[in-house]
Structures are given as C-alpha cells and as structure tokens.
Amino acid sequence: MTTPSETAPTDRPRWRRDVGVFLTGQTFSLLGSMLVQYAIMWHLTLETRSGTVMAVYAVVGFLPQAVVSVFGGVWADRLDRRALVIGADATIAATTLALALLMLSGYDDLWLLYVAAAIRSAGAGIQTPAVGALLPQIVPADKLMRVNGINATIQSGMMLVAPALAAGLYAWASIEAIFFVDVVTALIGIGLLLLVPVPRLVRSDQQSGVRGYLADLADGVRYVATTPFVRWVLAMWGVVFVLIVAPSFLTPLMVVRSFGDEVWKLTVNELAFSVGMTLGGVVVAWWGGLRNRVHMVVATTAVFAVLNVGLGLSPNMWVFFGFMFLVGLGVPFFSTPTMTVLQEKVEPERLGRVFGFVGIVMAVAMPLGMAVFGPLADRYSVESLLVAAGAALMLVVVAGVALPSGRRAMAEAASTDPPAADEPADVTTDEEPARRG
C-alpha cells in the first residue's frame with residue numbers, strides 16, 4: 001500500500017505552476033457558478049418571498065448531487081479525474097446556455113430553473129469528488145493544508161466579486177446575461193485545466209481485471225462504514241450543513257422580511273459573509289492550522305453555534321451583517337482542516353470514493369435541513385429558527401466531544417499514519433497518459 005505522501009509530486013519542480021494553473025481554472029469556473037447561484041436565489045426570493053419555494057430550490061439543487069456522488073466517487077477512483085472535471089464543467093455550461101436561450105424566448109416558468117439547478121447539482125456530484133481526489137496528485141503532502149487554505153482564500157475572494165457582479169448584471173442587464181457569463185467562465189476553466197498534467201493512478205487490481213465497478217463501490221462503502229475516524233468527520237460535516245448551512249440559506253429571506261427588499265441589502269449580506277471567508281482563508285493559508293485537525297473542526301463548530309444564535313438575536317441590520325462576517329470568517333477554519341485531514345489520511349486509491357461520500361453528506365444534509373427550516377420559515381420568523389439551530393448545534397458539539405467515538409477521532413487525527421484499510425490496493429502513478437491527453 002502507498003500513502004498519499006508517496007504519490008505526491010515532491011520531485012516535480014513545476015508542481016507550483018501546475019497548482020497555480022489548476023486553481024486559476026477552478027476559480028473561473030467557480031465564479032460563473034456563483035453568479036448563477038446568486039442570480040437564481042435572488043430571483044426566487046424577490047419574485048416569490050416564499051420559504052417553501054426556497055426549500056424546493058435547495059432540494060433540487062442539492063439532492064441530485066447526493067445521488068450522483070454515489071457513482072461519481074467510484075468514477076474518480078477508476079477514470080481520469082481531470083477528464084471527469086472537464087466533462088462535468090462542459091455539461092453544466094451547456095445546461096446553463098440552454099436555460100438562457102429558453103428564457104430569452106419567453107419561457108420563464110419556475111420548473112425550468114428547478115431542472116437547470118438539478119442538472120448543475122448532478123454535475124457537482126461528479127466534479128466534487130474528482131477535484132478533492134485530484135489535488136493530492138499534484139500537491140506535495142506537506143503542502144496540502146496551505147494549498148487548501150489558498151484555495152479557500154481564492155474562493156472567498158470570488159465570493160466578494162460574485163455578489164457585486166451578479167447584482168450589477170441582474171439590475172442593469174438580465175438574469176440571462178449572468179447565464180452567458182457562466183458559459184464563458186466554464187470554457188476558460190476547461191481550457192486552463194487542459195494545461196495541467198495530472199498523474200494518473202494505475203491500480204494493479206484494475207489492470208488485472210479483478211475488481212469491477214460494483215466491487216469498488218462496495219469497497220468504498222465498507223471503508224467508510226468500518227473506519228471510525230472517517231465516519232466521525234462525515235457526521236460532523238453533515239450536522240453543520242443541517243444546522244448551520246441550511247438555516248443560513250434563509251438569511252436573504254430574513255433580510256427582505258426584516259430589513260427591506262433592496263438588492264443592495266442582499267448584496268451586503270453576501271459580501272459580509274464573503275469578506276469574512278476571505279480573511280479566514282488568508283489566516284489559515286498563512287498559519288497552517290492546528291496540528292490536530294479535528295480539534296480545529298470541533299472548536300470552529302462550537303463557535304458557529306454561538307454565532308448562529310447571535311444572528312437570530314441581532315437587534316438591527318448592521319449587527320446582523322457583523323455576525324454574518326464572523327460566520328464567514330470561521331468557514332475556512334472548519335472546511336479546510338476537514339478536507340485536508342481526509343486527503344492526508346485516506347489512501348489515494350480510495351480518495352475519490354471518500355470524497356464521493358462527502359458530496360453525498362453535503363447534498364443530503366442541505367435539502368434535509370431546508371425541508372425542515374423552509375416550511376417553518378413560512379410559519380415562524382427566520383430569527384427564531386437561527387437561534388434554535390445554534391442551540392441544537394452546541395448540544396451536538398458537546399455530545400460529539402463526550403462520546404468515545406469523538407475522542408477516538410481526535411486521537412486518530414493526531415497520529416501520523418493513515419487509517420488501516422481492509423483490502424489495500426497497490427498503486428503507482430503514470431503521468432504519461434495525462435501528458436498525452
């Protein structure tokens with residue numbers, strides 16, 4: 001068995017160039033996706049002001065990712081990960097282009113936006129595990145935390161640009177113009193990714209034909225089910241998405257109901273969060289984080305619980321925006337160590353499947369939370385839901401630390417060896433196919 005560090009490109013002097021090109025391409029792709037996300041979310045918020053509509057949008061925007069991630073994680077361990085990312089980006093861009101043309105032709109029914117969101121979500125189910133598993137192939141193991149921090153900073157920076165750009169395009173042009181911008185940014189991202197040579201994992205069990213697709217899928221399920229550390233990390237990720245991300249999805253609705261429906265207020269809401277994320281990413285990239293990644297995750301989750309209560313108890317709009325800034329500031333302190341510890345400790349031949357389960361957890365937890373909080377937001381204030389979610393999250397943190405599984409996860413995170421696997425596969429790297437591709 002090889003460890004992630006043994007397959008990392010420590011002997012490739014151009015790894016910094018490859019990482020730079022890769023992150024630049026992903027940044028363009030992310031910018032377009034974020035523009036579309038904001039445009040659709042604001043469009044539905046302003047046109048309907050309905051928590052139920054927002055809940056339906058969240059379900060169709062995340063649930064397909066959960067279904068496809070079951071297969072996407074296996075594909076990421078069997079196929080060319082770079083090709084998977086490119087294919088997903090191209091499919092999403094084609095869907096967005098079709099939606100723009102339909103809306104320009106006068107078709108503006110809600111179901112069109114739902115279908116487009118579902119297809120984009122399915123593409124993310126392929127892209128997310130492939131990207132998560134690809135990064136350790138081009139980044140030395142001892143640089144993963146910092147590169148993930150840099151990636152989080154860049155993404156946060158795009159979150160500063162995207163709301164302002166989306167607001168400008170939405171107000172001065174149209175939602176269709178935003179869709180066309182997404183198509184262009186996707187093409188740029190694909191073009192840059194084609195310039196990055198990605199070492200391809202060559203598995204001896206695949207070459208000999210011993211292991212098939214279903215066997216890989218079963219092995220991934222068994223690995224996650226029998227590895228306490230991975231189970232604990234995925235559980236914490238899911239809880240945060242249910243109790244923090246889902247209620248936060250309703251903050252634009254709270255802004256419109258409590259503070260006014262001006263677009264600039266929705267923009268400031270997103271900018272406050274994004275500025276915080278950007279600064280948090282800079283700090284994580286510079287600092288490198290705690291040595292024990294799980295301690296960092298637990299501490300940040302507890303802070304999220306307190307901040308969520310603060311959001312709900314905010315006496316005015318500017319205090320609310322201040323708490324949104326702090327929530328954004330904490331995101332890299334949670335997401336970066338979570339992704340890094342999995343990349344560090346999971347064998348490279350299983351990374352795609354593990355990140356497939358990360359995608360499943362994210363995609364299921366979000367609509368699950370929205371299925372509860374969305375309809376409740378039509379009966380109760382968003383403020384009360386935020387306070388309740390924060391209190392529930394604090395109880396989960398206490399239970400997670402007190403339970404033996406939580407203590408074992410922290411101890412395992414402090415170890416230097418990856419979790420043991422039942423059936424490790426021999427893995428080598430072969431960079432030539434990527435160069436020829």
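How much accessible surface does the chain have, and what share of it belongs to carbon and sulfur atoms? The accessible surface comes to about 16,900 Å², and 68% of it belongs to carbon and sulfur atoms. Keep in mind as you look around that this is a predicted model.

**The chain as a whole**
- The secondary structure consists of 18 helices and two strands.
- The chain has 437 residues, and 58% of them are buried.
- Of the contacts between residues at least 6 apart in sequence, 88% join residues at least 24 apart.

**The nonpolar cores**
- The largest nonpolar core holds 92 residues, and Phe179, Leu342 and Met370 are those with the most contacts inside it.
- Helix 10, residues 228-248, gives the most to this core, with 12 residues.
- Another core lies apart from it and has 24 residues, including Leu84, Ile126, Leu144 and Val147.
- Leaving aside residues up to four places away in sequence, Phe179 touches Val36, Ile40, Thr96, Leu99, Ala100, Met103 and Leu113.

**A nonpolar patch on the surface**
- Leu97, Leu101, Leu104 and Phe180 form a nonpolar patch on the surface, and together they have about 330 Å² of accessible area.
- Helix 4, which spans residues 81-104, gives the most to the nonpolar patch, with three residues.
- Leu97 lies in helix 4, and its relative accessible area of 32% makes it partly exposed.
- Leu97 counts as partly exposed because 32% falls between the cut-offs of 20% for buried and 50% for exposed.

Conventions. Residues numbered from 1 in each chain as written. Predicted model: local features only at pLDDT ≥ 70, side-chain atom pairs only at ≥ 80, totals over all residues. Heavy atoms only, no water. Patch = residues over 30% accessible without salt bridge, like charges linked within 9 Å, V, L, I, M, F, W, Y side chains within 5 Å. Areas by Shrake-Rupley, 256 points an atom, 1.4 Å probe, with all protein chains shown as cover. Salt bridge = Lys/Arg side-chain N within 4 Å of Asp/Glu carboxyl O. Helix = DSSP H or I, 4+ residues; strand = E, 2+ residues; numbered from the N terminus. Buried < 20%, exposed > 50% of the residue type's maximum accessible area, 1.4 Å probe, protein only. Core = buried A, V, L, I, M, F, W, Y, C linked by side-chain atoms within 4.5 Å. Contact = heavy atoms within 4.5 Å.
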